Amino acid sequence: MSTETETATRTEEARIPSGSPEYWRCVDFLLDEAAALDGNRFEDWLGMLHPEIDYRAPIRVTRERAAGPGFSSEGYHFLENRDSLQTRVDRLATDFAWAEDPPSRTRRFLTNFRVCSVEETDDLRVRSNMLLYRERLDETRQQLLVGKREDDLRELDGALRLVRRLVLLDHSILMTPNLGIFL
Amino acid sequence: MYKTEPEVVRFLNEFDGALERGTIPMRAFNDAELHELELDRIFTRAWVFLGHESEIPARGDYVQRRIGRDPFVLVRSEDGEIRALFDSCRHRGAMVCRAERGNAALFRCPYHGWTYMNTGALAGAPLLKDAYGSELDKSKMGLYAAPHLESLHGFIFASLDADAPSLDEYLGDMKWHLDMIWGQCELGWEVIGEPQRTVLAANWKAPADNFSGDDYHTVYLHRSTTETGIMENPEGDSDLWDGYHVQLGNGHHFIRNMIPPDVPGPRFLGYPEEVQKLFSPSMLGEEQYEGLKQTVGLVGSVFPNFGFLSFPFKHDRSADFVATMSVRVFEPRAAGEMVAWTWTLCPKGVSEEFRRESYRTTMGTFSAAGTFEQDDSDPWMSITRAAGATYARKVGMQLDYRMGMNGTASSRRVDDYPGPGVAYYSVLEEGGQRGFHRRWLQFMRSDDYPPRMTPEEQNAGAGVAGRNGDG
């Protein structure tokens with residue numbers, strides 16, 4: 001069980017103030033990425049990922065205050081690389097991915113952006129809050145996925161790519177019947 | 001005991017007659033009255049899975065678990081014994097354990113401060129002497145605890161009924177199969193991480209029914225996985241049906257896909273050599289060792305709500321197939337709501353690299369985010385929705401469970417199954433699912449603890465299913 005709330009590797013970070021061009025470049029990237037996912041444009045989305053992407057969402061359990069926030073160090077809802085994300089996207093493109101056909105209607109709300117530069121990797125690290133609304137068919141039960149994201153963006157061929165995503169969900173029991181969507 | 005209303009009695013009689021004909025009234029999958037009766041008659045009596053010893057390795061380690069809807073603390077007590085304590089203070093009933101896991105010598109009720117040892121014994125309460133004088137006998141005021149708790153290869157089951165038979169007796173011939181899977185690793189097995197939990201608008205019996213021998217859905221519901229190479233795509237469709245359905249009595253069922261010794265293919269559930277070395281014939285003997293060696297995949301269910309699954313799958317399209325192992329509980333919450341629990345396991349002593357690959361392949365295929373299981377959630381919910389429909393009740397809509405009943409289909413009862421139980425080959429039959437529902441009915445109707453149910457009795461009425469290989 002990890003007591004860390006954020007990045008697994010402690011790295012030197014330098015804050016990039018909001019309003020600076022680099023800050024907005026990162027925010028624009030993440031908003032475009034959210035739009036690709038909300039629009040079910042998964043091939044476009046894969047194109048925004050760095051080949052070395054590390055994409056994960058740890059399981060969270062309720063712990064006593066002294067034990068920290070309860071993010072698992074070994075248990076994950078998602079523990080993905082570029083290949084496995086491709087597998088998921090390929091599968092969604094078949095005629096038999098029933099959980100997402102008809103697709104969910106999703107809306108991703110991203111706020112509270114804080115951007116840093118990471119000295120060791122030259123990556124830009126963006127921390128943000130995520131509220132993901134999901135509904136499907138005529139289900140009226142609210143499905144929300146809420147959490148904090150920590151994203152590292154890396155320059156590749158003149159564009160930013162997502163090279164690391166850590167999604168720290170606020171749920172110990174997922175309020176959605178499956179994770180047929182990307183966080 | 002929950003009172004059995006005449007209407008419920010009438011329904012159970014109807015269910016009995018329908019099951020004899022190989023159908024099930026759909027209402028069983030979403031009915032508030034039946035659900036209340038299930039909580040009482042099934043979940044306060046059956047042996048249910050609570051967790052694995054590796055989740056609570058040290059004294060004082062605890063996790064919160066459910067039996068039916070009820071909250072229990074599964075704890076390794078100071079005396080070394082594992083207990084399932086009812087999470088409710090003996091004074092006013094408030095919960096004494098508020099975290100999902102941790103280590104505690106004492107559980108304290110926040111309301112008035114009654115404090116319990118991790119054995120469940122009452123350690124003390126504020127102002128005990130002034131408040132109660134000599135009225136309160138501390139030795140009689142411990143937390144309630146499940147009267148029966150047993151561990152099999154680290155897998156912990158409990159029953160809330162003092163009259164329950166031993167776990168071995170309850171498992172019957174399923175024990176041989178659980179031994180085969182989890183009893184041959186010299187170092188044992190361990191849970192990786194914490195169980196994943198997801199709430200579904202589904203009746204708990206929908207997945208329990210699925211794990212009781214529903215191979216039929218694989219080729220269609222999960223076709224996306226063969227099309228993308230996540231599951232091995234059999235050359236002919238028939239290969240997918242090669243395998244045994246083993247009825248074990250008491251509502252338990254086992255699906256086993258085997259590869260004969262002279263045919264090349266995965267061994268030991270597809271585990272790589274470094275893991276195969278950890279299995280030893282010295283644990284149980286040659287028969288079960290050879291049995292595991294020739295088994296490429298399996299799915300099983302222990303009545304009422306425990307399922308397990310192991311197959312080699314591919315999560316990264318460019319990588320090899322990787323052995324997986326998951327177990328799950330279908331926690332009942334309401335007639336139309338359940339929580340799916342998923343644990344991933346690995347033999348102890350494997351390399352960090354394999355442990356991680358097996359974990360991510362297991363969770364990547366059979367979990368809420370799994371490329372298989374996310375699609376299962378869809379019909380499980382829609383079955384529940386339709387089962388609650390007024391029209392379905394009005395016309396008494398029946399679900400069809402006749403596959404394999406009349407002896408005319410290809411699946412046959414066979415004598416060459418290498419293990420105990422009543423086996424069918426191929427898997428194109430639904431006897432295991434009928435057996436689950438027959439056992440369900442027995443629990444629902446029995447005022448006393450339900451007696452052992454043989455595979456033949458599971459097929460009562462549908463008797464031809466138990467004999468369709470004889471002709």
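Visitor: Which residue of strand 5 of chain A does Cys116(A) stand opposite?
Guide: This is a predicted model. Strand 4 of chain A (residues 105-118) and strand 5 of chain A (residues 124-135) run antiparallel and are joined by eleven bridges. Within strand 5 of chain A, the residue opposite Cys116(A) is Arg125(A).

Visitor: Which residue takes a positive phi in the hairpin of strand 4 and strand 5 of chain A?
Guide: The hairpin has five residues between the strands. A positive phi near 65° is found there at Asp122(A).

Visitor: How many of the contacts in chain A with a separation of 6 or more, as a percentage, join residues 24 or more positions apart?
Guide: The elements of chain A run β-α-α-β-β-α-β-β-β-β from the N terminus on, and buried residues make up 33% of the chain. Among contacts with a separation of 6 or more, the share from residues 24 or more positions apart is 61%.

Visitor: Which elements do the buried residues of helix 3 of chain A pack against?
Guide: Helix 3 (residues 82-92) of chain A has buried residues that include Thr87(A), Arg88(A) and Leu92(A). Within chain A, the buried residues of this helix pack against helix 2 (42-47) and strand 3 (71-80). In chain B, their partners are helix 8 and helix 12.

Visitor: Which element supplies the largest share of the side of chain B that touches chain A?
Guide: In all, 37 residues of chain B are in contact with 35 residues of chain A. Elements that each supply at least two residues of this side of chain B include helix 8 (223-227), helix 12 (352-365) and strand 12 (189-200). The largest share, eight residues, comes from strand 12 of chain B.

Visitor: Which residue of strand 11 of chain B stands opposite Phe49(B)?
Guide: Strand 2 of chain B and strand 11 (residues 155-159) of chain B pair in the antiparallel sense over four bridges. In strand 11 of chain B, the residue opposite Phe49(B) is Phe157(B).

Visitor: How many residues of helix 15 of chain B are buried?
Guide: The 15 residues of helix 15 (residues 431-445) of chain B should span 21 Å at 1.5 Å a residue, and the end C-alpha atoms agree, being 21 Å apart. This helix is largely enclosed by the rest of the structure, because its buried residues number 14 of the 15.

Visitor: Is Asp40(B) buried, exposed or partly exposed?
Guide: Asp40(B) lies in helix 2 (residues 32-41) of chain B. A residue is buried with 20 or more other C-beta atoms within 10 Å, and exposed with 12 or fewer. Because Asp40(B) has 17, it is partly exposed.

Notes. Residues are numbered from 1 along each chain as its sequence is written. Chains are lettered from A and ligands numbered from 1 in the order in which they are written. This is a predicted model: local features need pLDDT of at least 70, side-chain atom pairs count only at pLDDT 80 or more; totals for chains, interfaces and linings use all residues. Two residues are in contact if their C-beta atoms, placed from the backbone, lie within 7 Å. Two strands pair if DSSP finds at least two bridges between them. The expected span of a helix is 1.5 Å times one less than its number of residues.
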